[in-house]
Amino acid sequence: MTKPNTTTPMRVIEETPGYWRVVFDYPPFNVVDADVFQALQDLLVRMETTETLRVVVFESAIPDFYLSHFDLTGKIGNIMTAVGASGLPVLMDTFVRLTKSPVVSLAKIRGCVRGVSSEFVLACDMRFASRENTKLGHPELGVGLHPGGGGTERLPHLVGRGRALEIVLSANDFDGDTAERYGYVNRSLPDAELDGFVDALARRIGSFDRRALVAAKNLVNQVSLPPSDRLLDAFTSFGRALTWPEAQHRIGIVLERGLQRDADFEKNWPEVLGTLVDTEKKGGRDDNHSRG
């Protein structure tokens, strides 16, 4: 088994004074844990205090995993309880500050992006996905939970109520083309064209005056963002859901099946969520028969 990275989960490449690339590199699967949130908090301070910066592109060094999902083994530190600069808990604070940052944020998506990782890209200003290599979704329902980092609040604004419910309640993956058609991402592009397109857009935005960019983004934010109290309600409910026995049971099953350990299972685990408990019961009956 590949050991998790013990170094920083991401690195910053300063392409120009106005344009940075932030590369997630946290093997084996870019699982979102307390270290990822600390790195994002540190980055936000750099972004907020760098007057020349106009645009940041978030991407991954691991082709099959952009950011995979919330760490379900419990390595989440104090992100649920500590309060960030906005006055919200660190998990929520990170996403709210990113959305309201004077710096424009672009998510360049390749690989799996599920749960809290989807909520991260939803907090970015724009999302661009690889047509051939994107699995985007909210599998929380399948492990007895619900989104708690802004997914249920941001998705309806982008895709409409019905499609938001489909995304959340199906707990399934959505490919790049479907995500584009729904409005989940701005565009789905052939993988070979993704880097060039996003780089050209970032450099174009990075060439504009900061004051105009900030003013334009603020105006769009005023008519498009969910209020903080609703975000906090969902976050609080998610914290309660983590303690539900049903959730703990389902989380235990997927971890036992190989989540956060086995690469093949990690790539495809939403496929089994619809029959997760039934399969476990059947397996238990088969085991009992074999012992009898």
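**Salt bridges and helices in the model**

Colleague: How many salt bridges does the count come to?

Modeller: The count comes to 19 salt bridges, taking a salt bridge as a side-chain nitrogen of Lys or Arg within 4 Å of a carboxyl oxygen of Asp or Glu. This is a predicted model, where local features need pLDDT of at least 70 and side-chain atom pairs count only at pLDDT 80 or more, while totals for chains, interfaces and linings use all residues. Residues are numbered from 1 along each chain as its sequence is written, and side-chain values use heavy atoms, with hydrogens and water left out.

Colleague: What does Arg203 pair with?

Modeller: Arg203 forms a salt bridge with Glu15, with 3.3 Å between the closest N and O atoms. That pair joins helix 7 (residues 191-206), which holds Arg203, to strand 1 (residues 10-16), which holds Glu15, across 188 residues. Helices (H or I, at least four residues) and strands (E, at least two) are DSSP runs numbered from the N terminus.

Colleague: Which residues are in a network with those two?

Modeller: Glu15 and Arg203 are linked by salt bridges in a network with Arg21, Glu59, Lys108, Arg110, Asp191, Asp195 and Asp199.

Colleague: And Arg97, what's at the other end of its bridge?

Modeller: Glu48, again with the closest N and O atoms 3.3 Å apart. Arg97 is in helix 2 and Glu48 in helix 1 (residues 34-49), 49 residues away in the chain.

Colleague: Is Arg97 buried or exposed?

Modeller: Arg97 is buried, at 10% relative accessible area; buried means under 20%, exposed over 50% and partly exposed in between, with a 1.4 Å probe and protein chains only. Glu48 is partly exposed at 32%.

Colleague: Where does Arg210 sit, and what about Glu51?

Modeller: The side chains of Arg210 and Glu51 meet in a salt bridge of 3.8 Å, N to O. Arg210 is in helix 8 (residues 210-224) and Glu51 in the loop between helix 1 and strand 3 (55-60), so the pair ties together parts 159 residues apart in sequence. Arg210 is buried at 15%, whereas Glu51 is exposed at 56%.

Colleague: Switching to packing. At what angle do helix 2 and helix 9 cross?

Modeller: Roughly 150°, with the axes of helix 2 (residues 90-100) and helix 9 (residues 228-241) coming within 10 Å. Axes are lines fitted to C-alpha atoms over the stretch in contact, and angles run from 0 to 180 degrees between N-to-C directions.

Colleague: How many residues of helix 3 are buried?

Modeller: Eight of its eight residues are buried, so helix 3 (residues 116-123) is mostly covered. Glu119 and Phe120 are among them.
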